[in-house]
Every structure is written in structure tokens, then in C-alpha cells.
Amino acid sequence: MERRKAKDSDLDFSVLGTGCWSFGGGEYWGEQRQKDVNEMVHASVDLGINYFDTAEVYNDGRSESSLGEAIQGIPRDKILIGTKISPSNCYPYTLIKHCHASLKRLRTDYVDIYMLHWPTHAHSLRHFTRDPKIIENPPVIGEVLETLKALQQAGKIRRIGLSNFGTRLMEDLPDLSSVVVNQLPYNLFCRAGEYDALPFCEQSGIAVISYMSLLQGLLGDIYPSIQDIPALQRRTRHFNAKNSAESRHGEHGVEDEINEALEGIRKICKETGLSMPALAIKWILLNPAITCSLVGSRNVRHLELNVRSAEGILSQQIKEELDRITLSIKDKLGNHLDYYENPVNDRTLGGQRIL
Ligand SMILES: NC(=O)c1ccc[n+]([C@@H]2O[C@H](COP(=O)([O-])OP(=O)(O)OC[C@H]3O[C@@H](n4cnc5c(N)ncnc54)[C@H](OP(=O)(O)O)[C@@H]3O)[C@@H](O)[C@H]2O)c1
């Protein structure tokens, strides 16, 4: 599988990464058997994937533990492990404590990339804690970076990363040069990054690990209709908030545009003989800002299909057709990387909005 290097670093990512959010099982993705995780992780390595992505918050640490169990027997230097610290745990003492807890769950001495999961401003913190002491005194980003550098010097983390940081927040960082990665949503229906965040990362030498490659299943073509998407996966701004009790954005969504685009994509599938997830993955990998695209494969069958999808390049003509078919969704949703909140509450822009 093709590898892409994070500029100025020794991190060489496979273009496809294995998203581990479902590992350990939980409310969001349902049951996930350890046997399948073990098979999936070993098959990922055999098929050329070297990057595994998790977070301390995924299934209350069970995702990290499950990945830690699955990597037993794989030489540590054959894989890259990325995990994320929740913004509410970022005061110097707690950050170090939480990093050590992640290492223990992952059964490793170091992580290759340690990311700040979401920005540390008050509005973002509210999603991780109800403790008013933390919300009223958010961790200061400069101090967070200093603590991360100390962990790096201690050999606990190889590189520092961010996640869900928009352009302005990246520009405002006291030390952008210490950051190697930003993790952002990117797929055919989540194109906000194209406005400025992806070009900014490319110009600044920040590798982008993109997530939600299949928009949590919709671009895997696993749902007969939008109505069949479970409430938790129907929370994003694409869908009418009225139809998902879990939704927070309060908007009407772009369901007509999505249905029209899906029809157009299915037509291209027929013409090319490619599946929808194959088209979706190939389209992402054509963007030069993307270093690694994460897919939450949950079994070896899906994994193999996704790995095959990462091979071979889409023609320019099909890429442009897909750009055109999905343009109305990009235009309507605009330059907002936070697909869970309306534009006023967009956490990736910073600010102190009230939910
Ligand atoms: N930094 C962040 O804030 C953030 C946010 C979200 C995600 N992430 C990371 O990104 C990773 C991937 O994103 P995601 O899990 O949100 O969703 P995703 O990869 O867009 O979608 C996962 C869904 O796609 C389905 N799928 C996978 N391969 C398929 C195939 N070949 N054909 C049909 N369906 C297929 C799976 O189906 P089944 O259910 O049938 O297996 C699952 O429902 C996560 O695991 C996590 O590591 C990071």
C-alpha cells in the first residue's frame, strides 16, 4: 500500500488507516467482538496498513485496551499508533497521568502520535465534562503544547498532533512548528476542509489524517435510505435534526441534495464497475493534503474491500464528476469543519459560544 510521509518527520503513514472507535464495543457502534478486532488488526498489517487510530474517550478506554490486546505479537516498529487526549484532561498533571493510562491500556511504552482530540476552549470542553471548574478555567493551549513536548522529551510520545482544529485556531497556536498532524473530517459529503483548512495544512507541512471517510456508513452504501440510518449516525448537519433525537445542530439538513448525489454516485458505480466505498476512498486519496484516510472497518471482509479501494487512481474525469455531483452539499454546509454543530457553535473555529 502507498505510504505518505508526514513532512519533516519520521512518520510514514499507509494511505489507509484503521479507525478503532468501535473497538471494545459501546453505545455508538454496538457490540464489537475481540476476536474480530484481533483478526482485523493482524489482517490490516498483512495488507499493508500501518496506522491505527484510537482515543482515550472511545468506549471509555476500551478501544485502547482492545487495540492493545490485538497488537500483541506484532513487532512494535511495524505499526504507528495514534491516540487522543480529551481537552478536559489537559492540565499539566492530568495530561501526563492520562497519557500514562493510555500507554498502559495500549500495552506499549510510547505512542507514535498523541493528539489533542478537540480544542480546549469552554464551548468545546462542555462535550467532555460538566465540571464548572474546568469549563470556567480551560486548559491554556500554550501550556498544553509545553506538556506534550515534555512527554515527547520523555520518550512517551513520538510526535504531537491536533484534531478538529480549524485554520484560525492553527494560526493562533503559540508554536505551530511542534505540531505534525491535524485530524479532520473529509469525504465526498464533508468538504469543508477544501475552503482553507486543508490548503493551510498542506502549506504548513501539517499532515492530515482524515476521518469519517464513509460518512459513518452512508458512503459505504449500507443504508437503503436516509431513514434507515441509526439516530447516532444521523446527528450530523447533513440530516434533518427533527429526525434524530441525538442531533444538536437544529438545522434542516441537506437530505434532498444527499439523495440526488447518491443517485449520481450510483450511476458512476454502474458505469465504472466500482463500489460506492471504492469511489469514496479513491476520491479522498486524490487530495494532496491527505496523508492518511481512516476507515472504521469492523470486519475483515470490509477491510479487504477498503484496501482494494485504496489501490489504483480515479481518472480526472470521474473525480471532476464526483466534485460536481457533491458541490451543492459543500456549498450549503459551507466552511464549517464541525459537522455536529450549527455554524454559530462550530467548535473548530474557537470562540465561547453557548450550546
Ligand atoms: N478525530 C475525531 O474527532 C474523529 C471523529 C470520528 C472518527 N474518527 C476516527 O475515524 C475513524 C473512522 O471514522 P468513523 O468510524 O466515524 O466512520 P467511517 O469509517 O466513515 O464509517 C464506518 C462505517 O462504515 C462501514 N464500512 C466500512 N467499510 C465498509 C465497506 N467496505 N462497505 C460498506 N460499509 C463499510 C462500517 O460498517 P459496519 O458497521 O457494517 O461494519 C461502519 O458502519 C474512527 O474509527 C476514528 O478512529 C475521529
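The model is predicted. The largest nonpolar core has 93 residues, and 25 residues stand around the ligand.

- Three bridges link E4 and E5, which pair in the parallel sense. One of the residues involved is Asp-53, whose bridge partner in E5 is Gly-82.

**Strand E7 and its two partners**

- Strand E7 covers residues 157–163. Six of its seven residues are buried, so E7 is largely enclosed by the rest of the structure.
- On one pairing, E7 is joined to strand E6 (residues 111–116) by five bridges, and the two run parallel. Leu-116 has Leu-162 of E7 as its bridge partner.
- On another pairing, E7 meets strand E8 (residues 179–185) over four bridges, again in the parallel sense. Here Gly-161 stands opposite Val-181 in E8.

**The nonpolar core**

- Within the largest nonpolar core, the residues that touch the most other members are Tyr-114, Val-180, Val-208 and Ala-280.
- Helix H10 (residues 276–285) gives the most to this core, contributing eight residues.
- Ala-280 is in contact with Asn-187, Leu-188, Ser-213, Leu-214 and Leu-219, when its neighbours within four places in sequence are left aside.

**Helix H2 and its cover**

- Helix H2 spans residues 62–70, and its buried residues are Ser-63, Glu-64, Ser-65, Ser-66, Leu-67 and Ala-70.
- The cover over these buried residues includes helix H1 (34–46) and helix H3 (92–106). Strands E4 (51–53) and E5 (80–85) are also among the elements that cover them.
- An α-helix has 3.6 residues a turn, so residues three or four places apart point the same way.

**The shell around the ligand**

- Gly-19, Trp-21, Gly-220, Gly-296 and Arg-298 come nearest to the ligand among the 25 residues around it.
- Strand E10 (290–295) and helix H11 (300–309) are the elements that give two or more residues to this shell. H11 gives the most, with three residues.
- Sorted by class, the shell holds 11 nonpolar, 12 polar and two charged residues.

**Two loop residues with positive phi**

- Asp-60 is found in the loop between E4 and H2. Its phi is near 50 degrees, a positive value in a residue other than glycine.
- Asp-60 has 11 other C-beta atoms within 10 Å. A residue counts as exposed at 12 or fewer, so Asp-60 is exposed.
- Asn-164 lies in the loop between E7 and helix H7 (167–171). Its phi is positive, about 65 degrees, although Asn-164 is not a glycine.
- Asn-164 has 23 other C-beta atoms within 10 Å. A residue counts as buried at 20 or more, so Asn-164 is buried.

Notes
Residues are numbered from 1 along each chain as its sequence is written. This is a predicted model: local features need pLDDT of at least 70, side-chain atom pairs count only at pLDDT 80 or more; totals for chains, interfaces and linings use all residues. Two residues are in contact if their C-beta atoms, placed from the backbone, lie within 7 Å. A nonpolar core is a set of buried Ala, Val, Leu, Ile, Met, Phe, Trp, Tyr and Cys residues joined through C-beta atoms within 7 Å. A residue is near a molecule or strand if its C-beta atom, placed from the backbone, lies within 6 Å of it. Ala, Val, Leu, Ile, Met, Phe, Trp, Tyr, Cys and Pro count as nonpolar, Asp, Glu, Lys and Arg as charged, and the others, Gly among them, as polar. Two strands pair if DSSP finds at least two bridges between them.
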